[in-house]
Every structure is written in structure tokens, then in C-alpha cells.
Amino acid sequence: MPFRPICSAVLLASSLALIAPAVAMAEPIKNIVLVHGAWVDGSGWKSIYDILVKKGFRVSMVQEPETSFQDDVAAAKRVLDMQEGSAILVGHSYGGSIVTEAGVHPKVAGLVYVAAHAPDVGEDEGELGKKMPSVLAKTEGAIKATPDGYTYLEPELFPKLFAPDLPREQAEFAARSQVLAKAEVFNTPLTAAAWKTKPSWGIVAGNDQIINPDLERFYYERAKAPFIVIEGASHSVYESHPERVADVIVEAARKVGEKTN
């Protein structure tokens, strides 16, 4: 009768050998695509880029022109086309509207919203912002416009409204290196809402003065997206708290990787 335990042990070892490769395959999504918001550019992602690259991710940044919503979505899709495999698409601020529209791309496996807008089909962030106005919306003269319809944030107010938790020199540099955004980008209704079909995560900046934090919560709750609140963080949360933002991106990549593998 000693033969039976030996057979059982062999069978168990064989079963574990078959299971082990499947477990090993459950790896995070490796491609991360970062989309900046209005009035800034992709250089603001540098700290998060560094963190993610050190963790083994392949990170790309979209430099959308902010000339029209359609142009900006096209810029995001162009970078997504370049990805080798599935990607996590991350949007900050106005970039949230871009990833909501572009996120239906077949290579997008999940979305992360960083102090971002997430409108539904037929909605635009300008109208939604009026329902829950931010400090910016209540600050007269904060948004300026050029004669040909491009907007920017008054440079003297930029550090106070956009980036009060960044070093003054850094905030002032961002204020003087703004990418002017065509006014219509904020008022173009969306034709797709990727958060309806793609798993999503969110980050609320607790002291956001550009987007009302309550509006950020509304977006994420509606999308049934798990989210964190970073208390005291400004709209520049991705620069002032890069480790915490990166943690959410890594978690999204891990969770989506588990499902796809």
C-alpha cells in the first residue's frame, strides 16, 4: 500500500507545475501613456515617469497641441497606436476628457484620472464645471484670452491657483511656459465615454482650485471607479505627490493585468 502516497505526491507536484506558469503570467500591464492637461505640457510628468520607469514600466507621454479637442484626441490615439501591447491611459485635468474620448482605443486596458474631468457622451467639461464651480471659476480675470481665441491662466495667479504646493520657482516657470489652449477645447461635447467599458481609477486633489474636488468625486463615483483623496494637494498633485499618483497607476496596471492574464 505505500505506492498510493507516492502516486498522490507525484500527481500533486505535476498539478502545481501546471499551475505555476499561469500564476507567473499574471503580470501588470507594462505600457503607461500619460496625457497632460490644459495650459501645461508633458514635462510635468517627469517625476512620475522616473518612478514608473524604475519599476519596469514603458512610459510614453502625449504632447497634445491644445488647438482643438479633436486634435488632442488624435494626438493621444497616435501615441496609443505606437504601443506594443495593452496600455494604461492616464489623464490629468482636461486630459481626463481626452482619455475619456480616446480610451475606447483597442489598446487601452484601463484608465486613471488624476484630478481630472470625466464627462459622459454629449457632455463637456465647461458646462459640468458651471454646476460645481471651482475657485478658478469664481476668480474674476483669472483666465485670459488672445484675440484669436486661445486661453491661458493669468501668470501672476498661476502659482496661487494651479500649483500652491509646488516650490515658488517651479510654479512660476510653469506659469511662464504655458501652452495656450483654444477656448473650444473646454466646450466640445464628447462622443465616447471609455469609463463605461474600461476599468477606471481616480485621484481627487483635496485642495484643487482649478477643478472643484466635489466634481472630481462626482465623476469617479459615477464611473464606479475606486479613488483616493490626497488631502491638501493642489491641481498640480501629479508633481507635488508623484509617489502617491504613481502608486495608483501601478495598482491599475496590476489589477488590469490580473484580469487580462
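A salt bridge here is a side-chain nitrogen of Lys or Arg within 4 Å of a carboxyl oxygen of Asp or Glu, and the structure, which is a predicted model, holds 10 of them.

**Salt bridges**

- Glutamate 156 pairs with arginine 176, with their closest N and O atoms 2.8 Å apart; this pair links distant parts of the chain, since glutamate 156 sits in the loop between β6 (150-153) and α6 (158-161) and arginine 176 in helix α7 (residues 168-176), 20 residues apart.
- Glutamate 156 is exposed at a relative accessible area of 51%, and arginine 176 counts as exposed at 60%.
- Within helix α8 (residues 213-222), arginine 217 and aspartate 214 lie three residues apart, about one turn of the helix, and form a salt bridge whose closest N and O atoms are 3.0 Å apart.
- Arginine 254 and glutamate 251 are separated by about one helical turn because they are three residues apart in helix α10, and salt bridges that share partners join Glu251, Arg254, Lys255 and Glu258 into one network.

**Nonpolar core**

- The largest nonpolar core has 78 residues, and those with the most contacts inside it include Ile32, Val90, Val112 and Ile249; helix α10 (residues 242-260) supplies the largest share, seven residues.
- Apart from neighbours within four places in sequence, isoleucine 249 contacts Ile32, Leu34, Ile48, Leu52, Val90 and Val112.

**Helix packing**

- The axes of helix α3 (residues 69-81) and helix α4 (residues 95-102) come within 9 Å and cross at roughly 65°, in a right-handed crossing.
- By class, this contact of α3 with α4 has six nonpolar, one polar and three charged residues.

Key:
Residues numbered from 1 in each chain as written. Predicted model: local features only at pLDDT ≥ 70, side-chain atom pairs only at ≥ 80, totals over all residues. Heavy atoms only, no water. Core = buried A, V, L, I, M, F, W, Y, C linked by side-chain atoms within 4.5 Å. Buried < 20%, exposed > 50% of the residue type's maximum accessible area, 1.4 Å probe, protein only. Helix = DSSP H or I, 4+ residues; strand = E, 2+ residues; numbered from the N terminus. Contact = heavy atoms within 4.5 Å. Axes fitted to C-alpha atoms, helices over the stretch in contact; angles between N-to-C directions. Left-handed = near helix turned anticlockwise from the far one by under 90°. Nonpolar A, V, L, I, M, F, W, Y, C, P; charged D, E, K, R; others polar.
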